[in-house]
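Thanks for asking me to look this one over. Here are my notes, in numbered points, to read alongside the structure.

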Amino acid sequence: MPDSPVIQTFELSKQFREVRAVDRVSIAVERGQVFGFLGPNGSGKTTTIGMLMGIITPTAGSFALFGASDAKGHLAARARVGATLETPNFYPYMSGRDNLRVAATIKDVGSDRIDECLEIVGLAGRGRHRFRTYSLGMKQRLALAATMLNDPELVILDEPANGLDPQGMKEVRDIIRILADRGKTIFLSSHLLWEVERMCTHVAIVRKGQVMKVGTVAEIVSEQVRALVRVEDTGALEAALADYPDATGVQTTDEGTVVSLKSDDLAGLNRYLAARGIYVSHLARHQQTLEDAFIELTQGDYGSMTEIAS
Ligand SMILES: Nc1ncnc2c1ncn2[C@@H]1O[C@H](COP(=O)(O)OP(=O)(O)O)[C@@H](O)[C@H]1O
Ligand SMILES: [Mg+2]
């Protein structure tokens, strides 16, 4: 019999007074996946994680952890989970190592894995230094080490890339890769697309509490043919494309004009434009990125788009 999914939600929902924070979310995270739960700020990511961890009570729907779907089963299953949500506050005057010892006591897991956890997050050489001397990236890595103390099968990370500089993000990606290589299942939330695109095997894109799309990165990124066109006069180009029967969509980007096409006949597009006196300086097939798909799926959430662009 195949394993039950590590996480499965069934129309999971949370209503806070007038706000529907999580709206009928149904997803399945299978063993060994690095699953990205991606959406703009306020789309219900933290609330969903809070429900999985038993901190927030769902108002409708249900979920299963390691196949267990009742309260008692959830409690037992959570012993197999490490989540950044439960990370204790660290003491600034104590060493990273001693902070992990405190965390192990709170979690009631014993301190025999502290050195291994420091090693995984690349802090083996700094374990004896005081927490307050750590950079933000090192503090985040210590928090990751704390989630690993119980040698969890499932690691849940809420916005692990938040606030980190490119170097810090690279370190987090490396740690996630190490955990994935050790067979851990990872569920992470993020509003930062390009940072997670490279480390996730599967993603769900959420907006206003609803799952817009779910699948592998390749599945999310549309198979549709697109052409990137650069011309001097984009106004004339857009007017011409409005009458081109093969064009199903036109989008202006920093790189040029992206045209969605019914067929991959780029030569035909070129001939059509030339016949209307529009000569392109660049015409090439354009591969949609996860970020393009994200922006398309979360259109109108301008607040979040500035965030994504920043
Ligand atoms: N305790 C709460 N009471 C009322 N509204 C809440 C509460 N927690 C979250 N919300 C609202 O629910 C929505 C989703 O929030 P959240 O899950 O934190 O989103 P995300 O983690 O994706 O940024 C937001 O509109 C937020 O303001
Ligand atoms: Mg959040």
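1. Helices α3 and α5 cross in a right-handed sense. Keep in mind as you look that this is a predicted model. Two packed helices are described by the angle between their axes and the distance between the axes. Here α3 (residues 96-107) and α5 (residues 136-147) have axes that come within 10 Å and cross at roughly 35°.

2. Which residues bring α3 and α5 together? From α3 come Gly-96, Asn-99, Leu-100 and Ala-103, and they meet Leu-142, Ala-145 and Ala-146 of α5. Sorted by class, this contact has five nonpolar residues, two polar ones and no charged ones.

3. Tyr-91 is worth a look next, in the loop that runs between β6 (81-83) and α3. Once neighbours within four places in sequence are set aside, Tyr-91 is in contact with Asn-99 and Phe-131. Tyr-91 and Val-102 are eleven residues apart in sequence, with their C-alpha atoms 9.3 Å apart in space.

4. Asp-115 sits in helix α4 (residues 114-120). Asp-115 counts as partly exposed because it has 13 C-beta neighbours inside 10 Å.

5. Helix α11 (residues 290-297) has Leu-290, Ala-293 and Phe-294 as its buried residues. Looking down the axis of α11, these buried residues fall within an arc of 100°, so they line one face of the helix.

6. Now for the whole chain. Twelve helices and 14 strands are found in it, and its C-alpha trace spans about 75 × 45 × 40 Å along the principal axes. Of the 310 residues, 35% are buried. Among contacts between residues at least 6 apart in sequence, 71% join residues at least 24 apart.

7. Finally, the domains. The chain is divided into domain 1 (7-218) and domain 2 (225-287). The C-alpha centres of domain 1 and domain 2 are 43 Å apart.

How values were computed: Residues numbered from 1 in each chain as written. Chains lettered and ligands numbered in written order. Predicted model: local features only at pLDDT ≥ 70, side-chain atom pairs only at ≥ 80, totals over all residues. Domains from an automatic or database assignment. Buried ≥ 20, exposed ≤ 12 C-beta atoms within 10 Å, placed from the backbone. Helix = DSSP H or I, 4+ residues; strand = E, 2+ residues; numbered from the N terminus. Arc of directions from axis to C-beta. Contact = placed C-beta atoms within 7 Å. Axes fitted to C-alpha atoms, helices over the stretch in contact; angles between N-to-C directions. Left-handed = near helix turned anticlockwise from the far one by under 90°. Nonpolar A, V, L, I, M, F, W, Y, C, P; charged D, E, K, R; others polar.
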